[in-house]
Amino acid sequence: MSLHINAKPGEIAERVLLPGDPLRAKWIAETFLENPVCYNKIRGMYGYTGLYKGKPVSVQGSGMGIPSALIYYHELINHYGTKTLIRVGTAGAYQEELQLRDLVLAMAASTNSAINQPKFRGASFAPTADPELFLKAVDYSRENNIAFKAGNVLSSDRFYEEDPEIFRIWAKHGVLCAEMETACLYTVAAEYKVKALSILTISDSLVTREECSPEDRESSFEEMVLMALAITQE
């Protein structure tokens, strides 16, 4: 077991879905997996393994923000041999055409975090999705008539910005939405040669100021989860 995940070797699948909210991890496991078994409750960060269409899949909460998420991503890869990591999270829209509950596939992740600067000696690294997983998600969307947007997202260290209009700088350069973890997921996946993809559901809009309820954020967004589960099967 690792410091933050109380699982024995073999209890976590090679394919893991990664919601930030541990209660969403519980909801995903109990709603979509056959015979889910809880392998982790440390710090209330639930983790489960079960079967989806006969294949083992795990779901692990990772918390909010890059420092928290990076701990779980690192331990899943280095202590438990995870090979495919798919973030299933929520995001705030930066573009007017993005509506509540729309799906976004993160091709790349900009960030205002400084976490990569020491690693790359002050230079900028551009974290990108695994192309194979990305294309599988695109194919699944087209085959099932699911609308989506694909492009650059912002992984922000700040949930509450002092300047509420600063998002317009990112929006001007085509960034679709903001979330808090994808940049570190793509970076650690690149470092350890594993596959990663972020599938995001728009839960609020900085343009229109609309937002989903906390209950929706915790136990909804089935389309995103079904897409993530489908692309773990191939």
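**Aromatic pairs**

Searching the whole structure turns up five aromatic pairs. Rings of Phe, Tyr and Trp (its six-membered ring) pair if their centres lie within 6.5 Å; planes under 30 degrees apart count as stacked, over 60 as edge-to-face and the rest as tilted.

This is a predicted model: local features need pLDDT of at least 70, side-chain atom pairs count only at pLDDT 80 or more, and totals for chains, interfaces and linings use all residues. Residues are numbered from 1 along each chain as its sequence is written, and side-chain values use heavy atoms, with hydrogens and water left out.

One of the pairs is Y94 with F167. The pair is tilted, with 5.4 Å centre to centre and 45° between the planes. Y94 sits in the loop between β5 (84–93) and β6 (103–111), and F167 belongs to helix α4 (residues 167–172), so the pair links parts 73 residues apart in sequence. Helices (H or I, at least four residues) and strands (E, at least two) are DSSP runs, numbered from the N terminus.

Now burial. Buried means under 20% relative accessible area, exposed over 50%, and partly exposed in between (1.4 Å probe, protein chains only). Y94 has 8% relative accessibility, so Y94 counts as buried. F167 is at 2%, so F167 is buried as well.

F159 and Y160 form another pair. Their geometry is edge-to-face: 4.8 Å centre to centre, 80° between the planes. F159 has a relative accessible area of 51%, so F159 is exposed. Y160 is at 69%, so Y160 is exposed too.
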